[in-house]
Amino acid sequence: MGQDAARSQYALFILAVTFTWLMGLMGFARSGIRQHWHVWQVLQDTTKYAATPALGQAAIMISVCVLIFLSLVGFIFWLGGLAEKSTFVPAGKEAQHVGH
């Protein structure tokens, strides 16, 4: 694999991490806007547990979830690689089956 091909693989991996992490952070931003509300301006959350975590705490949790998600995706690809059969046939074995 050439240097440019290797760079393109790194770029694709970084894109996957960036998109997954950004989706998690934007999901938190959307829910963080509705602080203390179940339905914005309609149903207020009046329980003692009504709180939104700090951005740093949410970012750590989202980062852990992204790592777990990408690890599971990598595990699935690894399992798929195990299922592939080798197509290597030794030269001596080919000649024995010719003419049968």
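Patches on this model are built from residues with over 30% relative accessible area and no salt bridge, where like charges are joined within 9 Å and nonpolar side chains (Val, Leu, Ile, Met, Phe, Trp, Tyr) within 5 Å; a salt bridge is a side-chain nitrogen of Lys or Arg within 4 Å of a carboxyl oxygen of Asp or Glu. Accessible areas come from the Shrake-Rupley method with a 1.4 Å probe, and for residues only the protein chains shown count as cover.

The model is predicted, and local features need pLDDT of at least 70, side-chain atom pairs count only at pLDDT 80 or more, and totals for chains, interfaces and linings use all residues. Residues are numbered from 1 along each chain as its sequence is written, and side-chain values use heavy atoms, with hydrogens and water left out.

Next, select Phe75, Ile76, Trp78, Leu79 and Leu82, which make a nonpolar surface patch of about 550 Å². Within this selection, Ile76 counts as exposed because its relative accessibility is 58%, given that exposed means over 50% relative accessible area, buried under 20%, and partly exposed in between (1.4 Å probe, protein chains only).

Ile76 belongs to helix 2, residues 55–83, so widen the selection to that range. Helix 2 has 29 residues and spans 42 Å from its first C-alpha to its last, close to the 42 Å expected at 1.5 Å a residue, where the expected span is 1.5 Å times one less than the number of residues.

Now pick out Ala58, Ala59, Ile62, Val66 and Leu70, which are buried in helix 2; their cover includes helix 1 (3–33).

Finally, centre the view on Leu25 in helix 1, which is buried because its relative accessible area is 18%. Leaving aside residues up to four places away in sequence, Leu25 touches Ala59 and Ile62, and Leu70 touches Val17 and Thr20, contact meaning heavy atoms within 4.5 Å.

Conventions. Helix = DSSP H or I, 4+ residues; strand = E, 2+ residues; numbered from the N terminus.
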